Amino acid sequence: NMAFGLSGLDKTYNFSAVVSIHGYGLTADMAKALRAPALVCTSKDDPYGDEVKAALAKRPFGDQCVSYHFANQIHGFCAARGDWTKKEIRDDALMALSMAIKFFAKNL
């Protein structure tokens, strides 16, 4: 969320793209202020609503924004809370990281 917020709220930073995995705390106001395309990956615990998606879609780069919901994963599955010894968690975590790499490669 730090890069998401900085890209929109702090004009000191000039990001070309941002990624939020475990998008807890993202708001429509943050999305409205964003100045770069975003990839947002959420889990079943992340309250990422339609208002954030709608705000991203209205940005000049809205067609470059990507959202993906990991409906079977808990918040933090891609980091410290994720038990990567479990195949389903590891597979989704690697998918999220792969999505981030591809998103950055396309947008940077």
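Is Phe 70 buried or exposed, and what is its relative accessible area? Phe 70 is buried, with a relative accessible area of 2%. Buried means under 20% relative accessible area, exposed over 50%, and partly exposed in between, with a 1.4 Å probe and protein chains only.

## Basis of the model

This is a predicted model: local features need pLDDT of at least 70, side-chain atom pairs count only at pLDDT 80 or more, and totals for chains, interfaces and linings use all residues. Residues are numbered from 1 along each chain as its sequence is written, and side-chain values use heavy atoms, with hydrogens and water left out.

## Overall architecture

The protein chain has four helices and three strands. Along the sequence they follow the pattern α-β-α-β-α-β-α. Helices (H or I, at least four residues) and strands (E, at least two) are DSSP runs, numbered from the N terminus.

The protein chain has 108 residues, and buried ones make up 44% of them. The chain exposes about 6,200 Å². Carbon and sulfur atoms supply 55% of that area. Accessible areas come from the Shrake-Rupley method with a 1.4 Å probe; for residues, only the protein chains shown count as cover. Take the contacts between residues at least 6 apart in sequence: 58% of them join residues at least 24 apart. Contact means heavy atoms within 4.5 Å.

## The sheet

The three strands form an open sheet in the order S1-S2-S3, with parallel pairing. Strand S1 (18-21) and strand S3 (66-70) are the edge strands, and each pairs on one side only. From one strand to the next, the twist averages 5 degrees. Two strands pair if DSSP finds at least two bridges between them. Strands of a sheet pair through backbone hydrogen bonds, either parallel or antiparallel.

Four bridges join S1 to S2. Val 18 stands opposite Ala 38 in S2, and Val 19 stands opposite Leu 39 in S2. On the other pairing, five bridges join strand S2 (residues 38-43) to S3. There, Ser 43 stands opposite Phe 70 in S3. Helix H4 packs on the sheet and touches S1, S2 and S3. The direction of H4 makes about 170 degrees with that of S1. Axes are lines fitted to C-alpha atoms, for helices over the stretch in contact, and angles run from 0 to 180 degrees between N-to-C directions.

## Covered and uncovered faces

S2 is mostly covered: six of its six residues are buried. One side carries Ala 38, Val 40 and Thr 42; the other carries Leu 39, Cys 41 and Ser 43. Both faces of S2 are covered. S1 has a covered face, made of Val 18 and Ser 20. Its uncovered face holds Val 19 and Ile 21.

## Aromatic cluster

The count comes to three aromatic pairs. Rings of Phe, Tyr and Trp (its six-membered ring) pair if their centres lie within 6.5 Å; planes under 30 degrees apart count as stacked, over 60 as edge-to-face and the rest as tilted. Phe 70 and Phe 77 form a tilted pair, 5.0 Å centre to centre, with 50 degrees between the planes. Phe 77 is buried, at 1% relative accessibility. Ring pairs link Tyr 68, Phe 70 and Phe 77 into a cluster.

## Loop residues

Pro 37 lies in the loop between helix H2 (28-33) and S2. At 7% relative accessibility, Pro 37 is buried. Leaving aside neighbours within four places in sequence, Pro 37 contacts Ser 16, Ala 17, Val 18, Phe 61, Gln 64, Cys 65, Phe 103 and Asn 107. Pro 37 and Leu 108 are 71 residues apart along the chain, and their C-alpha atoms are separated by 9.8 Å.

Lys 58 sits in the loop between helix H3 (50-57) and S3. Lys 58 is exposed, at 72% relative accessibility. Lys 58 and Lys 32 are 26 residues apart in sequence and 7.9 Å apart in space, C-alpha to C-alpha.

## Salt bridge

The structure holds one salt bridge, defined as a side-chain nitrogen of Lys or Arg within 4 Å of a carboxyl oxygen of Asp or Glu. Lys 87 forms it with Asp 91, the closest N and O atoms being 2.4 Å apart. The two residues are four apart in helix H4 (residues 87-107), so about one helical turn separates Lys 87 and Asp 91. Asp 91 is partly exposed, with a relative accessible area of 34%.
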